[in-house]
Amino acid sequence: MRSKSILALALSAFAVSTPVLADDHGGPVAPKPYTTGATLTKSVQASITPDKALEILKAGNLRFAADKPLKRNLKARVQATALGQFPFASVVGCIDSRAAPEVVFDQSVGDIFAARVAGNTINEDILGSLEYASKVAGSRLVVVLGHTGCGAIKGACDDVKLGNLTGLLAKFKPAVAAASTPGEHNSHNHAFVDEVTELNVKQVVQRIRDQSPILKGLEDEGKIRIVGALYDTSSGKVSWY
């Protein structure tokens with residue numbers, strides 16, 4: 001009797017820790033309609049269009065801003081995605097601790113790719129990552145997510161020089177140069193910083209198209225969208241470009 005109990009416990013533990021097989025069989029799958037909060041499988045991903053991906057993120061941010069996030073079983077998500085991932089969107093965001101894409105869009109394990117660097121800019125590594133996400137892994141949307149009060153943007157506005165940060169901040173100088181807000185052009189002028197932040201998002205969106213023929217081609221074919229967005233750190237709301 002005791003041996004049966006031990007066996008039952010062992011089988012139970014095995015069932016809990018065993019990952020659920022992803023529905024990727026190396027070939028076409030039948031699209032399965034997305035439902036809010038659904039775990040992303042290949043079938044579910046196949047049903048998501050670029051416009052639908054944007055709609056999902058917008059709805060997620062509305063939940064976050066209203067302090068009504070979905071209740072999720074994260075352990076179950078870990079198991080369900082252990083053998084495969086099929087995110088529906090990719091986000092180029094800042095490293096700012098207040099602006100984590102998974103949080104501000106109320107997404108979960110396996111939902112989105114997130115590439116983060118101070119000032120939400122791009123380089124060859126990030127472009128390569130986005131190309132993998134869209135061309136290989138099937139992501140339908142690329143979002144460049146800026147945020148208010150960005151320290152990197154302020155640093156560029158003040159022409160800060162600091163080790164390796166100097167080269168990074170130089171990437172924002174085109175936005176600084178293009179801004180036309182009246183008054184001092186430094187971080188003390190909040191309206192100026194806001195304009196530079198928005199311009200940088202829009203310029204990065206365009207640079208993605210200019211520097212990645214792969215992503216530009218996918219967008220031209222209607223397979224993905226590339227959009228800009230701005231997260232307000234005071235309200236929790238995201239606006240879109």
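A: Leaving aside residues up to four places away in sequence, Asn120 touches Val92, Gly93, Cys94, Val144, Leu145, Gly146, His147, Asn200, Val201 and Val204. The model is a predicted one. Asn120 sits in the loop between E2 and H6. Asn120 counts as buried because its relative accessibility is 3%, and the cut-off for buried is under 20%.

Three of these contacts, Asn200, Val201 and Val204, have numbers that fall inside helix H10, which covers residues 190-211. Helix H10 also holds Glu198 and Lys202, four residues apart, or about one turn of the helix. Their side chains form a salt bridge, with N and O 2.8 Å apart. Glu198 is partly exposed, with a relative accessible area of 28%, and Lys202 is partly exposed too, at 39%.

Ile126 belongs to helix H6 and is buried, at 11% relative accessible area. With residues up to four places away left out, Ile126 touches Val92, Ala115, Val117 and Thr121. Val92 is also on the contact list of Asn120. From C-alpha to C-alpha, Ile126 is 8.7 Å from Arg116, ten residues away in sequence.

The crossing of H6 and H11 is left-handed. On the H6 side the meeting residues are Leu130, Glu131, Ser134 and Lys135, and on the H11 side they are Ile214, Leu215 and Leu218. Elsewhere in the chain, the side chains of Lys223 and Glu221 meet in a salt bridge, 3.2 Å from N to O. Lys223 is partly exposed at 49% relative accessible area, whereas Glu221, at 53%, is exposed.

Strand E2, residues 112-116, leads back to the loop between helix H5 (101-104) and E2, where Val109 is placed. Val109 counts as partly exposed, with 32% relative accessibility. Together with Leu74 and Val78, Val109 makes a nonpolar surface patch of about 230 Å².

Arg63 counts as buried at 16% relative accessibility. Apart from residues up to four places away in sequence, Arg63 touches Thr36, Lys68, Pro69, Leu70, Arg72, Phe105, Asp106 and Gln107. Two of these contacts, Arg72 and Asp106, are linked with Arg63 in a network of salt bridges. Another charged pair is Asp96 with Arg98, whose closest N and O atoms are 2.8 Å apart. Asp96 counts as buried at 14% relative accessibility, while Arg98 counts as partly exposed at 42%. The structure holds twelve salt bridges.

For the chain as a whole, there are eleven helices and five strands. Of its 241 residues, 44% count as buried. Among contacts between residues at least 6 apart in sequence, 67% join residues at least 24 apart. The accessible surface comes to about 12,400 Å², and carbon and sulfur atoms account for 58% of that.

Methods
Residues numbered from 1 in each chain as written. Predicted model: local features only at pLDDT ≥ 70, side-chain atom pairs only at ≥ 80, totals over all residues. Heavy atoms only, no water. Patch = residues over 30% accessible without salt bridge, like charges linked within 9 Å, V, L, I, M, F, W, Y side chains within 5 Å. Areas by Shrake-Rupley, 256 points an atom, 1.4 Å probe, with all protein chains shown as cover. Salt bridge = Lys/Arg side-chain N within 4 Å of Asp/Glu carboxyl O. Helix = DSSP H or I, 4+ residues; strand = E, 2+ residues; numbered from the N terminus. Buried < 20%, exposed > 50% of the residue type's maximum accessible area, 1.4 Å probe, protein only. Left-handed = near helix turned anticlockwise from the far one by under 90°. Contact = heavy atoms within 4.5 Å.
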